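Hi there,

I am passing a structure on to you, and I hope you enjoy looking through it. Please open it beside this message and follow along.

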Amino acid sequence: MSLLRRRIEFIIFSGVHKHKMYLGHLIMVLLILLYAFSHTSINAAITFTDVTEETQISFKHTDGSSGRYYIVESVTAGLALFDYDNDGDVDIYFINGGALKGTKFKEPPKNVFYRNEGNWKFTDVTKESGLGDTGHGLGVVAGDYDNDGDLDIYVSNWGPNILYRNNGDGSFTDVTKEAGVENGSKVGAGVNFIDMDKDGDLDLFVSSYIDFTYEKHVPITINGIPAHVGPRYYMKTPDTLYRNNGDGTFTDVSTASGVGEHPSAGMGTVCADFDNDGDTDIFVANDMAEDFLFLNDGSGRFEQVGLMAGIAYDINGEEMGSMGVSCGDYDNDGWLDLYVTSYQEQSAHLFRNLGGCRFEDVTLLTGAAIGTMHHVSWGNGFADFDNDGDRDIFVVLGHLQENVEKWDDRSAFLVRNLLFMNNGEGKFVNVSEESGDGMKVKLSSRGVGFDDLDNDGDIDIVILNSRTEPTILRNDSRSEGHWLQVLLRGVKTNLNGVGAHVKVVAGDLTLLDEVHSGCGYQGHYGMRLHFGLGKREKVDHIEVRWIGGGVDVLKDISADQLLTIVEGGSISN
Amino acid sequence: MKKYRRLKQCLFATAKFTKLPFIFCIIVYVTIAGFTGIESSRGNEKKTQKGGPTQILTEDPDFSTEPFKLALKQKIAALKEEEMKLIQELMRDFPNSDEALVLIGDLYRRQGNSIEAMKFWEKALKVNPRRFDVYSAIGLVAFEKEQYENAVTAWRKALEINPDVRGLRTNLAQAFLGLGKHTEAIVELEKELAISSQPILSHFLLGRTYLQLKEFNKAKKHYEMVLDLQPDHIKAYYGLANVYIQLKQPNKAREYLTAFKKLKPKDAEFTTDRDKVEIGVVTAHQALAALAIGTEKLYRDRGDLQRAEELLKRAQTLDPNNTICLERLASLYQMSDRIPEALNQFKKIRKLKPKDSFCYLNIGILNTRLKRFDDAEKAFQKVIELAPKKSSGYCYLARLYLRSNVKLTEARGLVEKAVELEATADNYFVLSWACEVNGDIASALAAIEKAIKLEPENPKYKQIYELIKKKN
């Protein structure tokens, strides 16, 4: 009996023991998984997912690729994110290269326009919109120049530029000639709508690159391999400023304004109130030349003060091969800072605005450009991707020499883009490696735009890649941060509030942003301002300073919504 | 009828007579018309193709000729083939040589192939782990790739092996700056200042670092030191301007910016110079020349002077402005007593570097050996003119006079000047000689005693001392 009992006890004990072992193993596995999961989520504060396929966007960029290596091939193109039909979501306009001499196409390539249908679906509406220009496109901007309530578009080309008036019915009309804004046959670059004289309508700033024609082409080789030449082989050209006459036409005031007195090799441009004096200034990133800061005297006369502002060159006094530029207040001190991308063997640069029209190159101090030195950097932007209350930086890269690895293996034609997370203490951390599969895309990128494409309260990204399809990145950051989005509607001032300052105060957090028309690399995005609030659940007050108008203050606003603020102080959401 | 027949005959004869010219005229007319037609259509095509992008998708004549492109490709291919042959030769003739491995690594580096360069450098370190220059090169590659931690590791290793290498601490400081470690960077820069004879870069980096740290007085001090050492240092002017911009002193800032703008070179003008449009070809030549020069040293050390000379001559063809190559050729010719050929190399260097006192010194020495007194004298005088604070010109000219038994008083004056500038054993030796021939035995003995004191192991000086004592 006792033996049986012992046997039974043994069997029971063994069974229990076995179960205990299995349970122990299971608990260990669960703990490991929990650790891995929590560890991953702690590190990956920002996550981007590549959803390009899901969107069914089939646009494929061409740079002309004539085999002649014309300089204009290397600098196409920007893109625009804007709500063309006022249906509450952001649409996408891709600019394309053209059929250059020496290329052959079945059909001439054209710009392509996609309407956002919601839920990451986009429809090609190029034909019905009439926006399929076949010129060699370079830059684009959106702005309601006729104040009729919908966004119009201006495209800069190599050749005549185009102004498209939005008809309000899904179509656009080319009104370039009647408006008088063709800008000759130059090599276009960044373009901006700006209310330079605070008269309530949008004027137009048009940067130009260099004086290039086929006859002036300089074929070069590097180590015997044909290559793209740089801007120094061509004469520089001045920029153009058009004043809006208020009747659908513009007047060229380049000389009168002072802007036309400075020929250079313009690329990315951004217009903003850098000295907080209530008018809009202009920054021009010039390729292999000093960058310009045109300071507005309030009446539309500009003085070029880049050198005295400490922003013309890098900290060593050297020209940058400047490409794109964006502005944003990265340190929340109430002044708009600048980020300028550059060519190989020059990093991108972060310039901190010190106030009083003074800037300081803080690239090395902040770590905001590590990884850009050996690549060519293009489009970029400040955005609070994790809604933690400070602006991060995203930069797209990609060489313009397709064979660069043959003579310099430090660089590459196809490169991954970079994401710098703002640590809130004046420094940036390169988190590209741990921010999702969207950061693993390896192409040669040019323009980039940042907007909330799915209206879920975080900023997504659209990237134009040279010679191939774009990349669409959905922001899947596991952030618990609150946010606020602000859309402005001017009444006495320009309808989109271009140039207006918006200050958001939430507890101990004060954020500043401005509505820009045109920024980054020759592109346009972000007319809907996005503020990350961190843990703050409500906004104490919002102050809107309208260009040429007054100041409106709104109080006690809940977080996590899109607010439309109408000049005069009323809101809708 | 007859008339008709005659008319017919007449017409026939006329036709026969005029047939050929008529046909000729038609041909000419058609040709002219056709040519004109082609010209007019081409002219239309040109009009549409000028200026902006064409709507017509057509091929157009290439801007560079095919034969030229082909010649360039062949040139590059030939250079590559020669490089490979030289590398194979090095690997074959010097299989265990760290120097050979370093040379190959350096070549790949110059070609922009840092991956291959690293492979050879690492092999070199396995053969000789004390190559601080290789660690230095590895550090530089890492730095350029923004791998700052790796750069710090490599450069620290180099300094462990050779703590006195100038410039390495400045490099290390720049890597620390890349990492945002300003304190560590400042420490290294201060160390570099203590050992460097040309601390311009260290002062500049200190100025820049203190500017970023907002220690404006220190920034100013270091930028100003740069300008003391090099008054046309354009970056220092920009740095000082930025200091004053941040100090809100616009007038002072403007002052420095004015100087900065004056010094700033004008933008490069448009050019079709070959070296501006065939980028890299000159570099490829120079890279191969550098490899050949480095390889020459290995063969020379082995005693294969013929191969050494072949390599240097090839290097000279590839890079005619390479003065190192010319110097090494000169030295090779001197080794085999081919003094006139050696002299020719220094004359070539003189054309390339007309203010190089070292070159004139060698010209003087070689002319002395060839007993060309006047040429030697002119050369040494030029050395004195170009480098008045160095003793070599004075000493060698004195020596020439003493050897030639002319201008003996002047010789003494010259070598006294040499000793004043640099109190070396050799200068004292020549002074002793000059004093003796001028009859001043006491001074001669005093001078040679000083030479002995400075170089006690040199038997020559003791012999001279004894000789002077014996004679007198």
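Below is what turned up, going from the salt bridges to a pair of strand neighbours and then to a patch of charge.

Please keep in mind that this is a predicted model.

**Salt bridges**

How many salt bridges does a search of the whole structure find? Over all chains, the count comes to 52. Here are three of them to look up.

Start with A:Glu360 and B:Lys214, whose side chains meet in a salt bridge at 2.8 Å, N to O. A:Glu360 sits in strand S24 (residues 358-361) of chain A, while B:Lys214 is in the loop between helix H9 (200-212) and helix H10 (216-229) of chain B, so this pair joins two chains. A:Glu360 counts as buried because its relative accessibility is 4%, a value under the 20% cut-off. B:Lys214, at 37%, is partly exposed. Both residues also belong to a network of salt bridges with shared partners, together with A:Asp331, A:Asp333 and A:Arg352.

Next, look at B:Glu309 and B:Arg338, which meet at 2.9 Å, N to O. B:Glu309 lies in helix H15 (residues 305-318) of chain B and B:Arg338 in the loop between helix H16 (323-335) and H17 of that chain, so the bridge ties together parts that are 29 residues apart in sequence. B:Glu309 is buried at 13%, and B:Arg338 is partly exposed at 26%.

Which side of the cut-offs is each on, buried or exposed? B:Asp93 is buried, with 18% relative accessibility, whereas B:Arg92 is exposed, with 59%.

**A strand with two partners**

Now find strand S34 (residues 482-489) of chain A, where six of the eight residues are buried. Five bridges join S34(A) to strand S37 (residues 529-534) of chain A, and these two run antiparallel. As an example, A:Val486 has A:Leu529 in S37(A) as its bridge partner. Six bridges join S34(A) to strand S40 (residues 561-566) of chain A, and here the strands run parallel. In this pairing, A:Gln485 has A:Leu562 in S40(A) as its partner.

**A positive patch**

Finally, turn to chain B, where B:Lys347, B:Lys348, B:Arg350, B:Lys351 and B:Arg372 form a positive surface patch. B:Lys351 belongs to helix H17 (residues 339-352) of chain B. With a relative accessible area of 74%, B:Lys351 is exposed.

Happy exploring!

Terms used: Residues numbered from 1 in each chain as written. Chains lettered and ligands numbered in written order. Predicted model: local features only at pLDDT ≥ 70, side-chain atom pairs only at ≥ 80, totals over all residues. Heavy atoms only, no water. Patch = residues over 30% accessible without salt bridge, like charges linked within 9 Å, V, L, I, M, F, W, Y side chains within 5 Å. Areas by Shrake-Rupley, 256 points an atom, 1.4 Å probe, with all protein chains shown as cover. Salt bridge = Lys/Arg side-chain N within 4 Å of Asp/Glu carboxyl O. Lys, Arg positive; Asp, Glu negative; His and termini not counted. Charge placed at Lys NZ, Arg CZ, Asp CG, Glu CD. Helix = DSSP H or I, 4+ residues; strand = E, 2+ residues; numbered from the N terminus. Buried < 20%, exposed > 50% of the residue type's maximum accessible area, 1.4 Å probe, protein only. Pairing = 2+ DSSP bridges.
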